[in-house]
Amino acid sequence: MDPASREVLDFVGGRRDLEARLIRAIGDPDTRFAEDHLRMLRAIRFAARLGFGIEPATFAAIQRLRGRSG
C-alpha cells in the first residue's frame, strides 16, 4: 500500500489470483521453494483450507521437490 495515496500496489497479479481463488508462487516456483521448503506445505494448506486451486507450474514444482529438505 502506498502510504501517501493509500492505493494498493500489486506488482505480481496477486489480487487477480485471489479473485480466481488460486495459489501461485511468485517468480520461479523451484527457486521460491528452494529458499524456504515450508512454502510448499503452506501452499497445500492454504489451498485445502480456503478451497483454492494451485497454479499448474506451482503444483508441478511441489510434486518435483516434495521429498527434499534442508
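Which residues does Ile62 touch, not counting residues up to four places away in sequence? In this predicted model, the contacts of Ile62 (heavy atoms within 4.5 Å) are Phe33, Met40, Ala43 and Ile44. As for ground rules, local features need pLDDT of at least 70 and side-chain atom pairs count only at pLDDT 80 or more, while totals for chains, interfaces and linings use all residues. Residues are numbered from 1 along each chain as its sequence is written, and side-chain values use heavy atoms, with hydrogens and water left out.

Ile62 also belongs to the largest nonpolar core, which has 11 residues: Ile23, Ala25, Phe33, Met40, Ala43, Ala47, Phe52, Ile54, Ala61, Ile62 and Leu65. A core here is a set of buried Ala, Val, Leu, Ile, Met, Phe, Trp, Tyr and Cys residues joined through side-chain atoms within 4.5 Å; buried means under 20% relative accessible area, exposed over 50%, and partly exposed in between, with a 1.4 Å probe and protein chains only. Two or more residues of this core come from each of helix H3 (38-50) and helix H4 (56-65). Helices (H or I, at least four residues) and strands (E, at least two) are DSSP runs, numbered from the N terminus.

Now for H3 itself. Its 13 residues reach 18 Å from first C-alpha to last, close to the 18 Å expected at 1.5 Å a residue, where the expected span is 1.5 Å times one less than the number of residues. Met40, Ala43 and Ala47 are the buried residues of H3. Down the helix axis these fall within an arc of 60°, so they line one face of H3; the arc is taken over directions from the axis to the C-beta atoms. Their cover includes strand S1 (22-23), helix H2 (29-35), strand S2 (53-54) and H4. Leu41, Ala48 and Arg49, on the other side of H3, are exposed. Just past the helix, Gly51 has a positive phi of about 70°.

H3 turns up again at the largest pocket, giving five residues, the largest share of the lining. Two or more lining residues also come from helix H1 (14-19), S1 and H2. Of the 19 lining residues, Leu22, Ile23, Arg24, Ala25 and Ile26 are the closest to the pocket centre.

That leaves Asp17, which lies in helix H1. Is Asp17 buried or exposed? At 8% relative accessibility, Asp17 counts as buried. Leaving aside residues up to four places away in sequence, Asp17 touches Leu22 and Arg24.

Terms used. On a 1 Å grid over the protein atoms alone, a cavity is a set of points where a 1.4 Å probe fits but cannot get out, and a pocket is an open set with protein on both sides within 12 Å along at least five of seven lines; lining residues have an atom within 4 Å of a point.
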